[in-house]
Amino acid sequence: MTGSCCLVITGASRGIGLATAARFLREGYKVVNISRTPARMSGLVQLSADLCRPNWSEAIADSLLAAVGQAQRLVVVHNAALQPSGSVQDMEPEVLRQVMELNVVAPVVLNKLLMERMGPGSAIVYVGSTMSFKATVGIAAYVSSKHAVLGLMRSTCQDLAGSGIRTACVCPGFTDTEMLRGFGGEALEHLASRSTQGRLVQPEEVAASIHFCAENPVVNGSLVKADLGFVES
C-alpha cells in the first residue's frame, strides 16, 4: 500500500468491524469509524451516528468529508448490521424496515456521500453473510437484507464499470464475536461443528479477507466466502 489511503467503516466498535479497523490501521490507513458506540481503540476518527435513522448523514456529512480529505485511495467497508429474530409468519413490518434501513439503505447513503472522493484504486466492500446466498429458519428480515446486500454489490460493480473503483461482498460464516458467544457454550460447539475445519471463524480472519478484497484489483464484483467451508448436509 502506497500513497495517502483512508478507510471509512461502519460499526467498528466491536467484532469484525473492530478487527477490520485494526488491520487497516496496521497497514497505514487513516481509519474513520461511523457507529453509535466508539471503538475501544486509539488512532481512529470516531463519528457518532445511528444508521437506523433515515437522516443520520445530515449531522456528520461535513465532518466525514473533512476526515476523508483528499485521500489518494478511499476504501469504504459497510459492516454495521442488525440481526433480529423472527420468522416470515410473525415478522413485524417495522422490524423489517429498521433492518433494511441499517443493512441496505445506510450503505447506499454512505456511497453517495463519498463517491465523488473515490478515485481509481478505491474500493467498496460490503460485509454480507452466508445468509446472502442461503437461508435458515427464524431470521427472515436478516436473510432478506443480506440477499439485498449481495445484489447491491453486484449492481455497484456494473454501475461503476470504467471508474477504477472495485467492489466485493465478503460473506463470513459463524464468527467468534461477542454476539455469537451470547448463545452459550453448547451452541458454540454446534456451530463450530458446522465448519469443515471444526472451529469458528476469527474476526481477524474476516478482516484479512476484507483487506485482501480492498487491495486487489482482480477481485471485483466477487462474492468471497469467509466461512472455513460449511459441512453440507
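A cavity here is a set of points, on a 1 Å grid over the protein atoms alone, where a 1.4 Å probe fits but cannot get out; its lining residues have an atom within 4 Å of a point. By that rule, His78, Ala80, Leu102, Asn103, Pro107, Tyr126, Val127, Lys146 and Val149 line the second largest cavity.

This is a predicted model, in which local features need pLDDT of at least 70, side-chain atom pairs count only at pLDDT 80 or more, and totals for chains, interfaces and linings use all residues. Residues are numbered from 1 along each chain as its sequence is written, and side-chain values use heavy atoms, with hydrogens and water left out.

**Cavities**

The whole structure holds 3 cavities of 30 Å³ or more. Three elements each supply at least two residues of its lining: α3, β5 (123-127) and α4 (140-159). Helices (H or I, at least four residues) and strands (E, at least two) are DSSP runs, numbered from the N terminus. The largest share, 3 residues, comes from α3. By class, this lining has 6 nonpolar, 2 polar and 1 charged. Nonpolar covers Ala, Val, Leu, Ile, Met, Phe, Trp, Tyr, Cys and Pro; charged covers Asp, Glu, Lys and Arg; the others, Gly among them, are polar.

**Helix packing**

Axes are lines fitted to C-alpha atoms, for helices over the stretch in contact, and angles run from 0 to 180 degrees between N-to-C directions.

| Pair | Angle | Axis separation |
|---|---|---|
| α2 (residues 56-68) and α3 (residues 93-114) | about 45 degrees | 10 Å apart |
| α1 (residues 15-26) and α7 (residues 203-215) | roughly 55 degrees | within 8 Å |
| α3 and α4 | about 15 degrees | 9 Å apart |

At about 15 degrees, α3 is therefore roughly parallel to α4. Angles under 35 degrees count as roughly parallel, over 145 as roughly antiparallel, 65 to 115 as roughly perpendicular and the rest as oblique. The crossing of α3 and α4 is right-handed: a crossing is right-handed if the near helix is turned clockwise from the far one by less than a right angle, and left-handed if anticlockwise. From α3, the contact (heavy atoms within 4.5 Å) takes Leu96, Val99, Met100, Asn103, Val104, Pro107 and Val108; from α4, it takes Ala141, Tyr142, Ser144, Ser145, Ala148, Val149 and Leu152. This contact has 11 nonpolar, 3 polar and no charged residues.

With an angle of about 45 degrees, α2 is oblique to α3. Their crossing is right-handed. Trp56, Ser57, Ala61, Leu64, Leu65 and Val68 of α2 meet Ala106, Val109, Leu110, Leu113 and Leu114 of α3. The class count here is 10 nonpolar, 1 polar and no charged.

Next come α1 and α7. Their axes cross at roughly 55 degrees, so α1 is oblique to α7. This crossing is right-handed. Gly15, Ile16, Ala19, Thr20, Arg23 and Phe24 of α1 touch Pro203, Glu204, Val206, Ala207, Ala208, Ile210, His211 and Ala214 of α7. The contact divides into 9 nonpolar, 3 polar and 2 charged residues.

Technical notes: On a 1 Å grid over the protein atoms alone, a cavity is a set of points where a 1.4 Å probe fits but cannot get out, and a pocket is an open set with protein on both sides within 12 Å along at least five of seven lines; lining residues have an atom within 4 Å of a point. Grid points are joined across faces, edges and corners, and a volume is the space filled by probe spheres set on the points.
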